[in-house]
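Here is a briefing on one structure. Look over the sequence and the fold, then work through the points below.

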Amino acid sequence: LSTVYAILFMDAIHYKVRHEGRVVTKAAYTAIGVDLEGVKDVLGIWIGENESAKFWLSVINEIKNRGTKDILIVSVDNLSGFSDAIKAVYPETEIQKCILHQIRNSTRFISYKDIKAFTADLKKIYKAVNEEAALASLDELEERWSKKYPLAVKSWRTNWSELSTYLKYPEELRRIIYTTNTAESYHRALRKVTKAKSVFPNDQSLMKILYLATMDTTKRWKDRMRDWPLIISQLEIYFGERVTQYVV
C-alpha cells in the first residue's frame, strides 16, 4: 500500500451467507484510499460478522502492517467505537463522521409534521461557512427543538468534534470528506452485480464476486480526483511535513 493516504473512506455492506446450516448476515468491510497523487483505489475487502469496531480495528491494523504509515483524514459512519479503533492505530488522523448518516440518525426521531422545519434548521448547521457559524446555528436548533426532540439534538452535540472536522478546510476538500458517498457509490456498484443473489453459499463465494466486481468498477475510475492539484496544496498547508516530505 501507499506510505501515506490523504483520505480514507471506510464502510461496510451487508449480505446473507450460509454458515453452519443457517443463513446469517455478514458484513463486507471495505476501505477506499486516495493517495497523495489523488489516485483512488480499493485497499481491501474483509468478510466478517455484523459490523463492529473490534473488526474494524483488525482491518486498520492490517492496513498499517501492509505499509501505510500515515492517514491524514478518515471519513466514516457513526458506528460506536469506530473513532477509538482508528486513533488506536493512527493517533494523528483527522476523523470526519458522515453528515448524511448523522442527519438520518437524528431525523428518525422527528414527526412528519416537523421534519421539513427541522431539516431546514439542520441545513444551516452543515452548510455553514465555518465552525463558529455552525455552532451558532446548532445553538438555535437546540433552543428551538431540544425540549421536543432531545435525542435528535443531543446527538449533534455529542458527536460535534468529529462532525465538524470538514469545516476547517476549503470547499474543494469539504465536499469530498463530509460524507462517505465515495464508499456508498462503490457499494452501489457492488449491489448491481450481487442483487440477483439473495443468499451466498459461503464467505469464499461472496468474496469472489465482490473481488471481480471491484476489479471491473475500479477500471472506470479516473486517474486523479477532480481539483487534486488545488486539494494537495491545501493539504500541504494544513498538514505540513506529513504531506510535503512525500510529495515530489
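Which residues in α3 meet which residues in α6? Q102, I103 and S106 in α3 meet A152, S155 and W156 in α6, where contact means heavy atoms within 4.5 Å. This is a predicted model: local features need pLDDT of at least 70, side-chain atom pairs count only at pLDDT 80 or more, and totals for chains, interfaces and linings use all residues. Residues are numbered from 1 along each chain as its sequence is written, and side-chain values use heavy atoms, with hydrogens and water left out.

**Helix α3 and its partners**

- Helices (H or I, at least four residues) and strands (E, at least two) are DSSP runs, numbered from the N terminus.
- α3 and helix α6 (residues 150–158) pack at an angle of about 155°, with their axes 8 Å apart.
- Axes are lines fitted to C-alpha atoms, for helices over the stretch in contact, and angles run from 0 to 180 degrees between N-to-C directions.
- α3 and α6 are therefore roughly antiparallel to each other (angles over 145 degrees).
- The contact of α3 with α6 has three nonpolar, three polar and no charged residues.
- For these classes, Ala, Val, Leu, Ile, Met, Phe, Trp, Tyr, Cys and Pro count as nonpolar, Asp, Glu, Lys and Arg as charged, and the others, Gly among them, as polar.
- Helix α3 (residues 99–107) also packs with helix α4 (residues 112–126), at about 150° and with axes 11 Å apart.
- That makes α3 roughly antiparallel to α4.
- On the α3 side, I99, I103, S106 and T107 meet I115, F118, T119, L122 and Y126 in α4.
- The contact of α3 with α4 divides into six nonpolar, three polar and no charged residues.

**The sheet**

- Five strands form an open, mixed sheet in the order β3-β2-β1-β4-β5.
- β3 (40–48) and β5 (94–97) stand at the edges, each with a single partner strand, so one side of each has no neighbour in the sheet.
- Neighbouring strands are turned by 25° against each other on average, direction ignored.
- β1 (residues 4–19) and β2 (residues 22–35) pair in the antiparallel sense over 14 bridges; pairing takes at least two DSSP bridges between strands.
- The bridge partner of Y5 is D35 in β2.
- Helix α2 (residues 82–89) lies across β1, β4 (70–76) and β5, running at about 165° to β5.

**Aromatic pairs**

- The whole structure holds 11 aromatic pairs, counted when ring centres of Phe, Tyr and Trp (its six-membered ring) lie within 6.5 Å.
- The rings of W56 and F82 have centres 4.9 Å apart and planes at 20°, so the pair is stacked (planes under 30 degrees apart).
- This pair links distant parts of the chain: W56 in helix α1 (residues 53–65) and F82 in helix α2, 26 residues apart.

Note on methods: Parallel < 35°, antiparallel > 145°, perpendicular 65-115°, else oblique. Phe/Tyr/Trp six-rings, centres within 6.5 Å; stacked < 30°, edge-to-face > 60°.
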